[in-house]
Amino acid sequence: MKTTIGVFFGGRSTEHEISVISANQAMAAIDRDKYDVVPVYITKQGRWYTGDALTDVKNYRDIPALLKQCTEVYMRPILGDYTLYATERKMFKSDKVAALDVAIPVLHGSNGEDGTFEGVLETIGLPYAGCNTLASANGMDKITMKMILAADGIPVVDYVWFTDKQWFAHRDELTEKIESRLGYPVIVKPANLGSSVGIGRATNREELAERIADAERYSARIIVEKMVENLQEINCSVLGDCDDYRTSVLEEPIKSGEILSYTDKYMGGSKDNRGMHASAKRIPADLPADETERIRHLAGETFRVLSCHGVSRVDMMIDAKSRDIYVNEINTIPGSLSFYLWEAAGLKFTDLMDQLVKLAFKRQRDASQKTVSYDSNIFAMGGGTKGAKGTKGVK
């Protein structure tokens, strides 16, 4: 029998459309002789739908018409129940729509790549490809990610972070801190978004306030980084788990301005909506051998230190003048799943998807060897509220 893969995509995210493109690319690459594929589209309102019409990206030009061809579904929060159920049961028909064996989340950005969706899958117990809840959350949040990497000796640029409420209450003090510690120019970012959304460059106080006002539209946590002015951006994908992984060839994205924009990343400067692989880039990146190996090493270390799993992309920065190398961020569910980097390394997209399924089942087997509960019953031994944490003895 074939293994049934549920591919989850869309979601309540500013990167919703990119997720749709990436997922459709991934579904087209899956070997249908080995696997059955069930698309699960999550709308911007958080509702789940499945149906064959979801596998054609052209249908998303008219979402209401698309959803009329689909079935709205949900999953029960019951360990071991991997079934998709119809929200509206038709007379004399079962409400079971599909039974999944494994999930591949292709959800970019908040409410999907940040560990929230992964937590749902872990509650159900459904095997899935990609980072777990902890690694996803740490990888998504640029502040905690940099703290963890810096603590392990991985180079990151200097930064200042704060919340939107702190900025409102202590704007002058934070401005002075940024200016004294970082100087200008700086890059302002929402802490938990990707795809260059809400990111901007500031060269003075007025621009700093404007960029922070934009960033706080998307996130309660803001990070301001020292800008690498002589910037050369290099990306490297990593595949496997934190104990056994390999790195891809390197790419150098070609940007149209001072920072890599949303359009640069996903449209290649055009309007064809072909995803991350359509962006202008050099593959392999034209770098000396020692820098290439250093970047691949740092990408692998980033993946390892954050306890990542599946396929990720680590974005690096080189100061073209000093040749210092920094880790910028990790994308735990990268655009187009970075298949183009693996194809350049000799691994076909179909084989990449097969590897992700195998990694999902391997993690489940490994996890099944761990103890998750203690086999005792304090109630049968006369235990009760007496001595429980936070309680007083009851007479």
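Let's start with Glu-225, which has a relative accessibility of 3% and so counts as buried. Keep in mind as you look around that this is a predicted model. What does the side chain of Glu-225 meet in a salt bridge? Its partner is the side chain of Lys-146, with 3.2 Å from N to O. Lys-146 is at 0% relative accessibility, so this residue counts as buried too. Now find the two on the chain: Lys-146 belongs to helix α5 (residues 142-151), while Glu-225 belongs to strand β11 (residues 221-226), so the pair ties together parts that are 79 residues apart in sequence.

While you're at helix α5, have a look at Leu-149, which is found there as well. Is Leu-149 buried or exposed? With a relative accessible area of 0%, Leu-149 is buried.

Side chains of opposite charge can pair when their charged atoms come close. By the rule used here, which asks for a side-chain nitrogen of Lys or Arg within 4 Å of a carboxyl oxygen of Asp or Glu, the count comes to 23 salt bridges. One of them joins the side chains of Arg-313 and Asp-315, at 2.8 Å from N to O. Both ends count as buried because the cut-off is under 20% relative accessible area: Arg-313 has 3% and Asp-315 has 7%.

Now compare that with Lys-58 and Asp-56, whose side chains also meet in a salt bridge, here with 3.3 Å between N and O. Lys-58 is partly exposed, at a relative accessible area of 47%, and Asp-56 counts as partly exposed at 28%. Salt bridges can also link up into a network, and you'll find one made of Lys-34, Asp-354 and Lys-358.

Next, let's look for empty space. Rolling a probe the size of a water molecule over the atoms shows where empty space is left. The largest pocket has a volume of about 570 Å³. Its lining is made up of 23 residues, and the closest to the pocket's centre are Glu-122, Asn-132, Arg-363, Gln-364 and Ala-367. Which elements give two or more residues to this lining? They are α4 (133-140) and α12. Of the elements, α12 gives the most, with 8 residues. If you sort the lining by class, you get 10 nonpolar, 7 polar and 6 charged residues.

Stay with helix α12, because Asp-366 lies in it and, at 41% relative accessibility, counts as partly exposed. Asp-366 and Asp-31 are 335 residues apart along the chain, and their C-alpha atoms are separated by 25 Å.

Finally, move on along the chain. The segment after α12 (349-368) holds Met-381. Is this residue buried or exposed? Met-381 has 64% relative accessibility, so it counts as exposed. Together with Ile-378 and Phe-379, Met-381 forms a nonpolar patch on the surface. The accessible area of these residues together is about 380 Å².

Technical notes
Residues are numbered from 1 along each chain as its sequence is written. This is a predicted model: local features need pLDDT of at least 70, side-chain atom pairs count only at pLDDT 80 or more; totals for chains, interfaces and linings use all residues. Side-chain values use heavy atoms; hydrogens and water are left out. Patches are made of residues with over 30% relative accessible area and no salt bridge: like charges are joined within 9 Å, nonpolar side chains (Val, Leu, Ile, Met, Phe, Trp, Tyr) within 5 Å. Accessible areas come from the Shrake-Rupley method with a 1.4 Å probe; for residues, only the protein chains shown count as cover. Helices (H or I, at least four residues) and strands (E, at least two) are DSSP runs, numbered from the N terminus. Buried means under 20% relative accessible area, exposed over 50%, partly exposed in between (1.4 Å probe, protein chains only). On a 1 Å grid over the protein atoms alone, a cavity is a set of points where a 1.4 Å probe fits but cannot get out, and a pocket is an open set with protein on both sides within 12 Å along at least five of seven lines; lining residues have an atom within 4 Å of a point. Grid points are joined across faces, edges and corners, and a volume is the space filled by probe spheres set on the points. Ala, Val, Leu, Ile, Met, Phe, Trp, Tyr, Cys and Pro count as nonpolar, Asp, Glu, Lys and Arg as charged, and the others, Gly among them, as polar.
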